[in-house]
Amino acid sequence: MTMSPNSATPAALELNSATKSFGAVTALADGTIEIRFGEIHALVGENGAGKSTLVKILAGVHQPDSGHFTVNGEHVSFRSPADSKDAGISVIYQEPTLFPDLTVAENIFIGRQPRGRLGLIDRASMHSQARELFARLGVPIDPDRVAEGLSIADQQIIEIAKAISLDARILVMDEPTAALSGVEVERLFAVARSLRDRGTGILFISHRFDEVFDLCDRITVMRDGAFIATHDTPDITVDGLVREMVGRDIATLFPKQDAAIGEAVLSVSNLTRAGVFTDISFDVRAGEIVALAGLVGAGRTEVARAVFGIDRYDTGTVLLSGKPIRAHSPQSAIDAGMGFVPEDRRKQGLVMDLSVARNVTLTLRRTLARFGLINAKDERRVAEEWSARLQVKTGSQDLSVATLSGGNQQKVVIAKWLATAPRLLIVDEPTRGIDVGTKAEVHRLISELAVQGIAVLMISSELPEVLGMADTILVMHEGRISARLSRDEATAEAVLHAASASPESAA
Amino acid sequence: MSNAAATTAVARPVKARGTASRLFFGRNANTVYALLLIVVIASVFVPYFAGVATVSFLLIDAVPILLMAMPMALIIITGEIDLSVASTAGLSAAVMGVLFHDAHWNVWWVFVACIIVGLLCGAFNGILITAIGLPSLAVTIGTLALFRGLALVVIGDNAVADFPVDLTTFATSTIGGTGIPTFMIFVAIVVLAFAVLLHFTPFGRALFALGFSKEAARFVGIRVNRSKFWLYVASGGISAFAGIFWVLRYSSAQSDSVTGLELSVVAAVLLGGVSIFGGSGGIVGVVAGVLIIRTVNYSLQLAGLPDTVLTIVTGSLLVLSVIAPSVSARLKLSGEKRRNRALRAETFAT
């Protein structure tokens, strides 16, 4: 058995210099991690740092192009997720996919149900085994209830129970706390600690530093698809971690310029959609960047979609420069001067197979038409002009946007809205999946737009982005605005507390 | 030698593909080349193929397919399908027979009524697909049977054959000595209208966006359902027009007029380079696709092969046209990415 030179604890899993490319894109340049039995090991890095690719390699979903991979000291190469499971690795995803119509016990034993006489499923045994598992985890879940309607936290516990019943010695948790409340997080941590104390090796992926420092024994940092360092938790600070993650000083990441703030451009009052968001009121003024912060699922994107007319709302009003906007009509929102850079660039922001030029001019297709016909020359001129202004790096306007890098695709999305000369631009997760360098460029762009007097409503899950960019921060929690913070009073702690269920109680 | 070639390729100034280049090397162009190749092969190997009679026989049966292929191309580009086109044509043929023969309507009013029947058929499809949100494949398979059934109800087992002779001869007449059916003038107008609609109007742009991503289309203010609804209405109207032509060309209106033509239409559209997944295609390609189907069928007929073989060939072409693009698309995307990298390297090299 391979022993780690600097420790008595044996390595449960070692991945060394793994690489993985998808076509031209290198998702993982140097995937390196060592997980020991009986430790909780954090994996941190910005979006796009290669964490998910690494996890998928561990899970057997992707096969690395090169690199060295051992489990329990033995060299392995997984061909499928089943191989990974057989080797004792279980992955708990952020949102587990249970079969909603089956009971909890049936979900745990799916595909390997205990058999009784005549080869039929032995329900009694399945039930008692499931009960035993939950007793071990110290979590009261009824094995006979159907999975439908269980909270995400409970579903994760069920996945963990399943992993234990499979004798998993290595547990990978991919951002398990993203959708959990404070109490649920504590329960999950208690389960994780007890598993560790029984010798399980746990890889814990999270964006939340407090959790990482609270729970984990060691921390591995990744950046731009490559391994940066592994630290024992006591040896590193939050600031040091952030510096390693971004590879530069955080202040230089967000070159926010001061903009003159004018009249209210967007006024939303008492916007409500039953079960989704309630009584949302706010203004965005010319030159102002307003950020909607909060956890995933707090209703931020839903509010923005309703404002823009993609989705319906039940009550409330949306005014743009004082004039009401017709509900559920993106075209009237666009006509009034709104633009929307959506969260899912590939599905919502762009028509991937169309050319760069066509994508840029898609929002302008009506204004470009003279006597009902689109002039190809005008179209090309507009597309070239805006691509040049935003420095979209493409070989030709005729190539499909699918051939561009993520950052350049995002510039095309922004370009197509800027071409409509909007008064309000809604940007939803503007830098998701974009490399760090282009990220700063997108931030500079948004900041410049504000300087030019455009009102910006930004939705972001990245705290540094929210704190660095916004003049005003609205924090949402479970469909309501739970805090309004000005740039001066906004701190990471204040935003996080307002976003989670326990306002100030944890402080 | 290969070295020299490589050097010139690199030295060539960076230039994007222009309109002319797309015209000659694009997917549309490939279909046109395929058509020319097939025509040449047929002329060489099939006796009696090369001649004016061929032009006229080949084209006259292309008329209804070409007509229906126009709205079909647009519908498939949006990612939907309309399998009820031949039944719609059949229903309007039946209505035409009954109104003319039994109700003694003026023939021009009969035409108007037929077109209205077609528009209503299309609107019915459109409402089920857009307002209720049912999948177009299921809806139009249903109406394929429904409209055909209605045709049988309307005209029964009768065949109406006493249409005005000047109209029936007009339907089969040709322009001078060219062998081109006079009716092709109407077809040309329809084709041109759809080509302009698809390639030069905001509506056409919206259809491509719609076919690739409904979600992205909504974000730029495209009225997804409304666009689709009107396409089905157009499809119904054009199909009725094709039905009228069919009746005049064969001087007969029956409940089974135009049966099964939807397969040829779909095959022609897909063969013409329209993606079954939606989002890409062009009118030039579709016209070539229709002519390919007709040329192949006609050559086989001339060669004396039975109808069963023709059906097998049409089916095979349909399958081939679905398989070929997904294979070539993969090659194309990787090629484009390589090209974009190369162009970028040249453009942004410092």
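Guide: Start at A:Asp167, in the loop between H5 and strand E7 (170–174) of chain A. Keep in mind that this is a predicted model. A:Asp167 is not a glycine, yet its phi is positive, about 60°. Is A:Asp167 buried or exposed? Count its C-beta neighbours inside 10 Å: there are 9. A residue with 12 or fewer is exposed, so A:Asp167 counts as exposed.

H4 itself covers residues 123–137 of chain A.

Check the length of H4(A) for yourself. Helix H4 has 15 residues, and at 1.5 Å a residue it should span 21 Å. The end C-alpha atoms of H4(A) are 21 Å apart, so the two values agree.

Next, look at how H4(A) is placed. A:Met126, A:Ala130 and A:Leu133 are its buried residues. Seen down the axis of H4(A), the buried residues fall within an arc of 55°, so they line one face of the helix. Turn to the face away from the buried side. There you find the exposed residues A:Ala124 and A:Ala135.

How do H4(A) and H5(A) cross? Their axes are 10 Å apart, and the packing angle is about 110°. Angles of 65 to 115 degrees count as roughly perpendicular, so H4(A) and H5(A) are roughly perpendicular to each other.

Which residues meet there? From H4(A) come A:Leu133, A:Phe134 and A:Leu137. From H5(A) come A:Ile157, A:Ile160, A:Ala161, A:Ile164 and A:Ser165. Note that A:Leu133 is on both lists: it is buried, and it takes part in this meeting with H5(A).

Then see what comes after H4(A). The next residue is A:Gly138, and its phi is positive, near 70°.

One more positive phi is worth a look. A:Asp224 is a residue other than glycine, with phi near 50°. A:Asp224 lies in the loop between strand E9 (218–223) and strand E10 (226–232) of chain A. It has 17 C-beta neighbours inside 10 Å, so it counts as partly exposed.

The domain assignment gives chain A a domain 1 (11–98 + 150–247) and a domain 2 (252–499). Their C-alpha centres lie 33 Å apart.

Notes. Residues are numbered from 1 along each chain as its sequence is written. Chains are lettered from A and ligands numbered from 1 in the order in which they are written. This is a predicted model: local features need pLDDT of at least 70, side-chain atom pairs count only at pLDDT 80 or more; totals for chains, interfaces and linings use all residues. Helices (H or I, at least four residues) and strands (E, at least two) are DSSP runs, numbered from the N terminus. The expected span of a helix is 1.5 Å times one less than its number of residues. A residue is buried if 20 or more other C-beta atoms lie within 10 Å of its own, exposed if 12 or fewer, and partly exposed in between; C-beta atoms are placed from the backbone. The arc is that of the directions from the helix axis to the C-beta atoms. Domain bounds come from an automatic or database domain assignment. Axes are lines fitted to C-alpha atoms, for helices over the stretch in contact, and angles run from 0 to 180 degrees between N-to-C directions. Angles under 35 degrees count as roughly parallel, over 145 as roughly antiparallel, 65 to 115 as roughly perpendicular and the rest as oblique. Two residues are in contact if their C-beta atoms, placed from the backbone, lie within 7 Å.
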